Amino acid sequence: MGNKIASQTRALYNKIHNKQLKYKESLKKLKEINYNFFFKKKNLFYNKVVCDLGCGNTGNVGKTLLSLGAKKVFFVDFNKTVNNNLKKNLNQFKGKFEIVNTDIQKKIVNKNFFDLIVCQGVIHHVQNDTKVFRNIFYNLKKGGRFIFDVQGEGGLITSFLNLIIRKEYKRNSDIKKLLDNLINNNTTEIKKQFLKDFSILEKKNIYQFKNLFDEDFFLTLKDRILSPKYKTYNEKNLKKKLKGIGFKDIKRIEKNVKLNNIRKIFNFHYSNYNNTVSRALFGEGNITFSSKK
């Protein structure tokens, strides 16, 4: 990733993943998304060797694949700060996993080694994505599959977060202070200021909506605003890049995401990314590609 960016990114996601491990709703959401997605694709990994690339502290993708019958999973992440939590989270799968601490821009193991490599929500953070794609191609067996997702470009919400909020957070101390309070769920003072002219009854009605802004929402906000690097992608150009490296049978695949906080109003748009309204809001959307060596 580039040592500085990689270290900053890993430090941020250590905090996010540690909170996810403590917050059951976040873990439940991740487990359901991964289970529902991979359950229909067992032929890709059942009794096979898999890599969870950029696995983080939780290793949720690889853990799901082990529970569904993968022969062995290699959990790969930047440094050893993830190891203790990974081992605890994977305790039931002793002997069926291995942890590798390396930059994902480097070759992981031997050539033609993995049947499947999965990389979820990582590549849009790295400095040199072309190098990552080439190394993945090197590490896959012939006929092996590579499944990954990245953040697509364009759309009102994506542009607002990436081009305005992230930029203003870095340059404006007042905005930084406000967002830091929101991200860390320190909203007592904010509530006082915004709700001071409301009646008790009106405040009670407003507080009915508090469950829509849960810990998972604030963790997502932290992810999108504080990440040192957050690249966005054009589907057509990304497919062209993968073809140039040698990947074939490149398909965009649907990934159903069911959210339970305020973001549930966008559930439809995750799987219906070509809908006119979806494209207006999210542009290219969350791009999930499956490709073959």
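Q: What is the mean pLDDT of the chain?
A: This is a predicted model, and the mean pLDDT of its chain is 85, with 94% of the residues reaching 70 or more.

Q: And where is confidence lowest, and where highest?
A: Confidence is lowest in helix α1, residues 3-22, at a mean of 68, whereas the highest value belongs to α11, at 96. Where pLDDT is low, the predicted coordinates should not be read in detail.

Q: OK, on to α11: at what angle do the axes of α5 and α11 cross?
A: The axes of α5 (residues 129-139) and α11 (residues 235-245) cross at roughly 45 degrees and come within 10 Å, and the two helices are therefore oblique to each other. The crossing in which α5 passes α11 is right-handed.

Q: Which residues meet there?
A: From α5 they are D129, T130, F133, R134 and F137, and these meet L238, K241, L242 and I245 in α11. The residues of that contact divide into five nonpolar, one polar and three charged.

Q: Which residues of α6 and α10 meet?
A: In α6, T158, L161, N162, I165, R166 and Y169 meet R224, I225 and L226 of α10, and the residues of this contact divide into five nonpolar, two polar and two charged.

Technical notes
Residues numbered from 1 in each chain as written. Predicted model: local features only at pLDDT ≥ 70, side-chain atom pairs only at ≥ 80, totals over all residues. Heavy atoms only, no water. Axes fitted to C-alpha atoms, helices over the stretch in contact; angles between N-to-C directions. Helix = DSSP H or I, 4+ residues; strand = E, 2+ residues; numbered from the N terminus. Parallel < 35°, antiparallel > 145°, perpendicular 65-115°, else oblique. Left-handed = near helix turned anticlockwise from the far one by under 90°. Contact = heavy atoms within 4.5 Å. Nonpolar A, V, L, I, M, F, W, Y, C, P; charged D, E, K, R; others polar. pLDDT = per-residue confidence, 0-100.
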